[in-house]
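Let's take a walk through this one, starting with a pair of helices and then moving on to the aromatic rings. Keep the model open and follow along.

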Amino acid sequence: MSKKPSKGGAPALDMTPMVDLAFLLVTFFMLTASFRMAEPVVVDPPSSIGQVDLPDNHIMVTIDEKGRSFFGISNSTAKMEALKEMAAKYQVNFTPEQVVKFSGLPSFGVDIKDLPAYIDTKEDDRKKFRGPSGKGQTGVPLDTITPNNQLKDWIAIGGKKAVETYLAARDKALEANQEFKAEKPRYAIKCDASTKYIYVKDVVKTFTDLKIYQFNLITSLEGGGTVINPTK
């Protein structure tokens, strides 16, 4: 017995809505994505079993295996305000464009006198940066004997600006009767597993000299980074 062919032919599937949706999603992610600059130094922190996450709002000092210190503030507004105050203290001039560019740097490890040139250097060329002084990225100066302890000033001023920015955002939310979920800024130290203890000790002393006794130590855990809070 023969089978009668379908009168309507093969079914057609209209792909137009799916293609439109795909382009809308691509456009959405392109417009909303924020590109983060690469860290000037990559460290491999020691492992631990701690599972305390580092809040988004933090002030961090990274110490690489050579003992160089890199400073960073997560909040871009606080970062720009800290740069302005540091510029006034050390009498280094920054253009408005350099201040804005600085807000995008995750961290840096140069003398403040070399910082304008470092900011103007293309991202791909920063690893080879030498600067006007010729020192390059030798780390933020951390001399505990001479007055040139720029890291101490960055931590003090950066921390103050981070708190001021946090309080201003909180007050603004309260005035608008809006929920405010941001956490207070916290201090953190991240070092390489092979970093000599004496370098970490100098950074810790810088914190304690500022009477900052609570900070997080960044460690790694299988599957991602975590933080141990030594105060708990």
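This is a predicted model: local features need pLDDT of at least 70, side-chain atom pairs count only at pLDDT 80 or more; totals for chains, interfaces and linings use all residues.

Who does the touching? On the α5 side it's Leu151, Lys152 and Ile155, and on the α6 side Val203, Thr206, Phe207 and Asp209. Sort the residues of this α5 and α6 contact by class and you get four nonpolar, two charged and one polar.

Now for the aromatics. Search the whole structure and nine aromatic pairs turn up. Take Phe102 and Phe108: their ring centres sit 5.6 Å apart with the planes at 55 degrees, so this pair counts as tilted. Both Phe102 and Phe108 are buried. Phe102 and Phe108 also belong to a cluster, in which ring pairs link them with Phe71 and Trp154.

Another pair brings us back to α5. The rings of Tyr166 and Phe180 have centres 5.5 Å apart and planes at 55 degrees, so that pair is tilted too. Here the pairing links distant parts of the chain, 14 residues apart: Tyr166 lies in helix α5, while Phe180 is in the loop between α5 and β3 (186-191).

Are these two partners buried or exposed? Tyr166 has 11% relative accessibility, so it counts as buried, the cut-off being under 20%. Phe180 comes in at 26% relative accessibility, so it counts as partly exposed.

Key
Residues are numbered from 1 along each chain as its sequence is written. Side-chain values use heavy atoms; hydrogens and water are left out. Contact means heavy atoms within 4.5 Å. Helices (H or I, at least four residues) and strands (E, at least two) are DSSP runs, numbered from the N terminus. Ala, Val, Leu, Ile, Met, Phe, Trp, Tyr, Cys and Pro count as nonpolar, Asp, Glu, Lys and Arg as charged, and the others, Gly among them, as polar. Rings of Phe, Tyr and Trp (its six-membered ring) pair if their centres lie within 6.5 Å; planes under 30 degrees apart count as stacked, over 60 as edge-to-face and the rest as tilted. Buried means under 20% relative accessible area, exposed over 50%, partly exposed in between (1.4 Å probe, protein chains only).
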